[in-house]
Amino acid sequence: MDDTLQFTVSPDFPPDRLSGWFVFNTWLQRQLGCSVHLEMYDGFSAQRAAVADGHVDLIYANPFDATELVRHRGFVPVARPQGKSDEVVIISRASSAQDAIEALQPGVRVACTTDPDVRQIGLILLEPANLTPADLTLIDTDKHLLSAKQLLKGEADVAFLLADAYDGFSKLLREQTQVLVRSAIRDIHHALLAGPRLTARAAELQQKLVAMGDSATDRQLLGELDFPAWEALETEDVEFMIDVIDTLRAGA
Amino acid sequence: MQDMDPGFVPPPYREVLLTYHDGSVRKVYVTDREEPYPDGHLIVSRTNCDGILTHANAAFVEMSGYTREELIGQPHCILRHPDMPKAAFADLWACVQRGEQWHGYVKNLRKDGGHYWVYASVIPNVRDGVAVGYTSVRRKPSRARIAEAEAAYRDLD
Ligand SMILES: Cc1cc2nc3c(=O)[nH]c(=O)nc-3n(C[C@H](O)[C@H](O)[C@H](O)COP(=O)(O)O)c2cc1C
């Protein structure tokens, strides 16, 4: 294998952040003094296959994938985006009588991307209505915007969306919908993880990432990724997050 | 553990003597008031291997009615409600000490004598192959499940 490090970002990043990640990759190359290739995979399964084949050295991982990477694939935590957690909203059409979680009935049609966090957290938010996955018709989509469109076309009754994506929708689109519930979990977030070829330099990288918050230019760069700074992520922090996620995987 | 302070409990209330698994007793005051579970939140706490609270998130603190300072360092049974059967917690401890997850519906007692229902998961925190403590994550249960749990616990005691 050549010396180029392979970097990848969880496919659930908002599309308008793409150029921000490429700029960040350039920053990484300069800081690490070696070449770093940013590969954006088309979906979670393609990215997981690349990890399994040892083609990933640095990953901005979805929290549910972080479990596998840290516990079974020798990745170590480096940093997390400050103040950012993975939250989910469940929405229905503004005109819908389905205006509260408890009003939802078995048979409800749910539009949802295949992102593991959105789906799992969304299902938990439906538990107060006594709905299990068997009570739902899930309509898979590729993008949060498409989930919202399924809803507006009347092909779905509710949609699960990443709260960040929903908040980024146009006012017009948001006004055609109502939020039935918004999660406030806080303890679950994306994480930058270093793979086996990079673990020896993880501490050095962590230091450089955290220092970005002290430089106006670097903060501007991070602004393009929609967070103000990187925060150091320690093994115990990510172990705790994984413990929380493990409890969520078990159904009620 | 200290007895509950009836000064924080709006009457009418009943007084109950709780006996814990280690034989210690605590006087608690109980009202019928239910505190609604906050939508969308998870209530998270961690304990050491002896069940002493080491961490509580904001939702945990708020729902308990205590301050964080009053909670950390206390045994987790500070929340035990007299309507909860001993068998449920015996099962919880047996499960997590075997290294397994435990799930169940729990009625918790607040500092003000009220209560709140949760669907709780408890998991051992395994680090380098050794359990170093436990984490519990609670979710909002449906009314139907709460009704079932109430009936089942009434029969158990
Ligand atoms: C991580 C963890 C979380 C717990 N959460 C609760 C709780 O929310 N409410 C509760 O009454 N007991 C909880 N327990 C069980 C208590 O430790 C205790 O067993 C229970 O209150 C009954 O008291 P006793 O076992 O001393 O009789 C928890 C235990 C652990 C390990």
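A polar contact here is a pair of N or O atoms within 3.5 Å. Keep in mind that this is a predicted model, where local features need pLDDT of at least 70, side-chain atom pairs count only at pLDDT 80 or more, and totals for chains, interfaces and linings use all residues. Side-chain values use heavy atoms, with hydrogens and water left out.

**Around the ligand**

| Side chain | Distance to a ligand oxygen atom |
|---|---|
| His21(B) | 2.7 Å |
| Trp93(B) | 2.9 Å |
| Arg80(B) | 3.2 Å |

Taken alone, the ligand exposes 600 Å², and the protein buries 95% of that (Shrake-Rupley areas, 1.4 Å probe). The shell counts residues with a heavy atom within 4 Å. His21(B) and Trp93(B) turn up again among the nearest of its 15 residues, along with Cys77(B), Asn108(B) and Arg138(B). Sorted by class, the shell holds eight nonpolar, five polar and two charged residues.

**The largest pocket**

Of its 44 lining residues, Asp12(A), Phe13(A), Pro14(A), His144(A) and Leu162(A) are closest to the centre. Helix 6 of chain A gives the most to this lining, with five residues. The lining splits into 19 nonpolar, 10 polar and 15 charged residues.

Methods
Residues numbered from 1 in each chain as written. Chains lettered and ligands numbered in written order. Polar contact = N/O pair within 3.5 Å; in protein donor to acceptor, adjacent residues only side chain to side chain. Nonpolar A, V, L, I, M, F, W, Y, C, P; charged D, E, K, R; others polar. 1 Å grid on protein atoms, 1.4 Å probe; cavity = no way out; pocket = protein on both sides within 12 Å on 5 of 7 lines; lining within 4 Å. Helix = DSSP H or I, 4+ residues; strand = E, 2+ residues; numbered from the N terminus.
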